[in-house]
Amino acid sequence: MKTRSVLVKILAVIVIAFGLSAAAVLVLAHRQVQDIIDWSQSKEYGERIAGMLGILDQHYQRLLLTQREEVYRQDFQDMALKALSAAYFHPEELSVQPCIIDADGNPLLHPGKDPLHQALPLHLVTAAQVFEQTFSTATEEQAWAIFQTYAPWGWRVGYIVPLPVKYAMVRDLDQGLAITMLGTIFLAGCVLTLIIRRQLRPVSELTRASLAIAEGRFDLPIQIDGKDEIALLAKQFDRMRTSIHETMAELQSSQAATERERKFLKDLIDAIPDLIFFKDPNSVYIGCNRAFAEGFIGLPPGEIIGRTDLDFIRDRELATLFREKDRETMALGATRVNDEWITLSNGRRILIETAKTPFYHVDGSLGGLIGVSRDVTERRRNEEQLRHLATHDELTGLANRTLLQDRLEQSVHYANRSGRVVAVLLLDLDRFNVINDSLGHDFGDKLLCLLAQRLQQVVREADTVARLGGDEFAVLLAEVADSEDVGMVAAKILEHVAEPLWVDNREVLLTASLGISLYPQDSKDAVTLIRNADLAMYRAKKDGRNSFSFYDPEMNLRVQETLELETDLRQALDREEFLLHYQPKVDLASGAVIGCEALVRWRHPRRGLVPPNDFIPLAEETGLIVPLGAWVLREACRQARRWKEAELPPVSVAVNLSARQFRQGDLPELVADVLAETGLDPHLLDLELTESMVMDNPVKAGRAMLDLKKLGVSLSLDDFGTGYSSLNYLRRFPVDCLKIDRSFIRDVVDDPSGASVVTSVISIAHNLGMAAVAEGVENEDQLRFLASCGCDTYQGYFFSKPIPAEEFVALLQRETLPAGE
Ligand SMILES: Nc1nc2c(ncn2[C@@H]2O[C@H](COP(=O)(O)O[C@H]3[C@@H](O)[C@H](n4cnc5c(=O)[nH]c(N)nc54)O[C@@H]3COP(=O)(O)O)[C@@H](O)[C@H]2O)c(=O)[nH]1
């Protein structure tokens with residue numbers, strides 16, 4: 001590399017020297033040419049000399065004269081001699097005509113022109129003549145010697161040169177000079193090119209690199225060696241390129257990552273079934289997902305961007321609404337949620353819930369909003385359904401307790417201002433469970449639906465009919481004048497309820513008990529009004545059903561008592577507050593005590609001895625009858641076993657079963673367990689069932705009775721005659737005794753119809769192979785009548801009230817017992 005550099009330098013020096021020499025030559029040559037003055041250029045002097053020399057045609061000939069004295073001094077003689085010699089001795093070889101001119105410009109010698117001599121001053125003529133003579137006679141060497149002696153300083157030698165010749169000289173000179181110049185220029189050019197190429201190579205390398213960078217190619221390294229500025233620059237440039245390359249690579253990688261992310265996000269939002277869109281602050285779409293574009297607008301996303309809702313939503317009202325909501329959202333600067341019904345591109349109408357949220361640029365300026373719309377049609381429908389379910393009865397579609405309460409509160413609110421009365425009527429069907437159990441729940445449901453329709457027809461549209469559960473309905477009379485009007489409506493309702501209903505081609509007769517509470521008299525609170533109506537309804541039920549009853553504050557007192565009683569009842573078993581009394585059963589024929597009926601008593605710590613009628617219904621209602629009944633059964637069996645162990649005459653013990661106990665599926669197991677536990681002979685246990693208990697569901701009851709019979713116990717049908725026993729069923733039940741209700745016995749003497757019922761029951765019992773037991777025998781007449789009818793057994797105050805166990809033992813031990821005749 002260094003050698004090359006030296007060579008180039010040497011070459012450059014040579015070229016420069018050559019160029020300088022050539023330039024010097026050229027300058028000298030030009031100067032020489034310039035020394036030969038074209039006297040024709042000097043008009044006055046030129047014309048005079050030309051005239052003297054007889055040169056007429058100035059256009060074709062020029063007189064060229066040497067100009068400088070020094071030249072004469074050195075070369076004049078030689079030149080003059082040579083010129084004159086040539087003119088005289090070799091005139092044919094001359095292309096120019098020489099002449100000599102003195103210091104004043106007078107021609108001294110001009111070989112071709114005689115007149116010249118005449119015009120010359122004498123001394124010059126002489127000189128000229130001498131010259132002529134000399135040259136004409138002397139040899140060349142002689143002429144030269146003469147000339148040397150004559151020639152004074154200041155003479156000039158000239159040539160009359162034809163113009164072409166003069167220019168030929170110059171042209172030759174110029175050509176030479178031009179060739180020299182061109183050669184020099186060429187060489188200089190070559191050297192320069194070399195130098196430039198050498199110097200500019202790094203620059204061009206840099207240029208190439210710059211271009212590559214400009215074209216985005218950063219991977220081509222810049223290879224420039226050296227330590228000069230360009231090399232240093234190139235190195236820095238290459239570092240810069242590397243740095244940019246790396247930065248670009250990072251940028252590209254980050255761009256690729258960004259692009260991947262962007263694509264992923266696009267795919268993601270396209271995969272979301274919700275409608276997603278983005279708008280600028282002027283509500284112009286700047287993006288959306290596929291669901292929005294194709295599902296809602298019906299255009300590809302590209303055709304939506306840059307447009308507004310007004311451009312493609314046909315419903316202008318909706319489009320304007322969208323725009324208003326956009327503005328509100330962006331003005332608010334927070335998420336807003338709206339519901340709107342829209343029509344999709346496939347024509348389906350859906351309800352959308354749209355959440356619009358403003359978004360901002362990095363500099364904090366508003367970028368627009370992001371919208372997400374979701375099809376909530378189904379959800380809303382479900383919500384409506386749930387709301388309906390939450391406020392309506394599923395079976396009948398009537399309002400439920402919640403809605404009733406809500407409406408009642410509203411009605412109370414309005415009545416408060418209007419001064420009118422609001423009435424709550426609570427209706428409970430009488431003995432509906434009998435229908436339900438005997439005819440099935442489906443049948444019962446259909447009946448309830450028909451009744452619901454009927455109730456709705458009775459009241460006005462402003463009133464509310466609700467089902468509170470089971471067979472319990474409520475009617476809210478939103479505005480009535482007074483309680484009299486309410487009573488009329490209540491009576492009308494009962495009338496409609498009592499009209500025959502047809503379900504599955506079967507006629508059903510229903511009655512209801514109705515309780516009424518009034519606003520503002522009975523309470524100002526909706527919940528209390530409903531509760532008071534409920535209390536009144538219970539009163540109506542107790543009063544004999546198929547009637548209505550207005551709420552009375554007394555009812556509340558009773559409820560309070562009942563609540564207290566219930567609390568005490570729950571603790572009574574644990575506190576062992578129950579005990580049994582036994583009422584003897586007497587054989588009518590022999591007068592012997594053949595058994596007894598166990599009757600529970602409650603020794604209340606404050607109230608004293610509480611009769612069963614005051615707590616058995618409550619125990620039944622609360623379910624406490626189940627443990628209480630089990631206790632009675634166990635205690636009665638244990639007592640009977642003790643009597644047997646005491647070797648008293650054998651007596652059976654009768655235990656009353658409650659409806660709930662009987663319905664419990666585990667009664668046979670309980671009886672079996674108790675018998676096993678107490679060791680009582682099953683024949684000495686008599687279980688008393690009521691007529692209504694078995695007739696509510698005769699089939700099921702029949703099965704349960706069979707199970708009990710298998711244990712070896714006796715079964716009696718209590719209160720016979722008060723219910724609706726079907727003889728058909730009765731015939732099939734494994735019953736041992738029919739107990740004639742005391743209401744028939746009471747009137748047996750005075751009332752012939754009562755007597756005939758008793759005789760009929762006795763004969764039915766006997767015909768079915770059962771014993772007849774009369775209850776509530778209080779006097780001898782009754783006893784006598786029963787004996788006359790062939791009644792088998794009796795019990796009643798006439799013989800004995802229910803008595804404690806020890807008294808019953810004493811009674812048993814009496815030898816003589818009263819007997820009927
Ligand atoms: N499930 C259960 N029910 C029971 C139980 N113990 C009693 N009861 C039922 O309570 C009702 C009332 O019973 P009670 O007050 O004991 O009355 C009984 C007798 O005292 C009464 N009786 C008997 N003879 C006469 C009479 O000559 N005159 C008259 N006024 N009353 C009389 O009758 C009741 C017994 O009736 P019954 O059961 O129908 O034989 C009552 O319904 C009891 O069944 C129990 O443990 N479990």
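Begin with helix H12, and select what covers its buried residues: strand E6 (275-279), helix H11 (309-312), strand E8 (336-343), strand E9 (349-360) and strand E10 (366-375) are included in that cover. Bear in mind throughout that this is a predicted model.

**Helix H12 and its surroundings**

Now select residues 316-332, which form H12, a helix of 17 residues that reaches 24 Å from its first C-alpha to its last, close to the 24 Å expected at 1.5 Å a residue. Colour Phe 322, Asp 326, Thr 329 and Met 330, which are the buried residues of H12. If you look down the axis of H12, these buried residues fall within an arc of 90°, so they line one face of the helix. On the other side of H12 you will find the exposed residues Arg 316, Glu 317, Glu 324, Glu 328, Ala 331 and Leu 332. Just past the end of H12, select Gly 333, which takes a positive phi of about 75°.

From Asp 326, turn to Asp 280, which is 46 residues away along the chain, while the two C-alpha atoms are separated by 9.7 Å. Asp 280 sits in the loop between E6 and strand E7 (285-288). Is Asp 280 buried, exposed or partly exposed? With 17 other C-beta atoms within 10 Å, Asp 280 is partly exposed. Once its neighbours within four places in sequence are left aside, Asp 280 is in contact with Ile 286 and Gly 368.

**Helix H14**

Next, select residues 401-418, helix H14, whose 18 residues should span 26 Å at 1.5 Å a residue; the end C-alpha atoms are 25 Å apart, which agrees. Just after H14 comes Gly 419, with a positive phi of about 80°.

Move to the loop between strand E14 (501-503) and strand E15 (506-508), where Asn 505 is found. Asn 505 has a positive phi of about 60° although it is not a glycine, and with 5 C-beta neighbours inside 10 Å it counts as exposed.

Then select Tyr 519 and Pro 520, and inspect the peptide bond from Tyr 519 to Pro 520, which is cis, with omega near 10°. Pro 520 lies in the loop between strand E16 (512-519) and H18.

Glu 647, although not a glycine, has a positive phi of about 60°, and its 7 C-beta neighbours inside 10 Å make it count as exposed.

In soluble globular proteins, nonpolar side chains tend to be buried together. In this model the largest nonpolar core has 73 residues, and Val 653 and Ile 740 are those with the most contacts inside it. The largest share of this core, 8 residues, comes from H21. Apart from it lies another core, of 48 residues, among them Leu 408, Ala 478, Val 497 and Tyr 519.

Centre the view on Val 653 and show the residues it touches: not counting residues up to four places away in sequence, these are Gly 595, Cys 596, Ala 598, Ala 636, Gln 639, Ala 640, Leu 684, Leu 685 and Asp 686.

**The ligand**

Finally, select the ligand and the residues around it. Which of the 22 residues around the ligand come nearest? They are Val 600, Pro 612, Asn 656, Gly 796 and Tyr 797. The elements that give two or more residues to this shell are strand E19 (593-604), helix H20 (612-622), helix H21 (625-645) and strand E23 (714-720). Coloured by type, the residues of the shell divide into 9 nonpolar, 7 polar and 6 charged.

Definitions and conventions: Residues are numbered from 1 along each chain as its sequence is written. This is a predicted model: local features need pLDDT of at least 70, side-chain atom pairs count only at pLDDT 80 or more; totals for chains, interfaces and linings use all residues. A residue is near a molecule or strand if its C-beta atom, placed from the backbone, lies within 6 Å of it. Helices (H or I, at least four residues) and strands (E, at least two) are DSSP runs, numbered from the N terminus. Ala, Val, Leu, Ile, Met, Phe, Trp, Tyr, Cys and Pro count as nonpolar, Asp, Glu, Lys and Arg as charged, and the others, Gly among them, as polar. The expected span of a helix is 1.5 Å times one less than its number of residues. A residue is buried if 20 or more other C-beta atoms lie within 10 Å of its own, exposed if 12 or fewer, and partly exposed in between; C-beta atoms are placed from the backbone. The arc is that of the directions from the helix axis to the C-beta atoms. Two residues are in contact if their C-beta atoms, placed from the backbone, lie within 7 Å. A nonpolar core is a set of buried Ala, Val, Leu, Ile, Met, Phe, Trp, Tyr and Cys residues joined through C-beta atoms within 7 Å.
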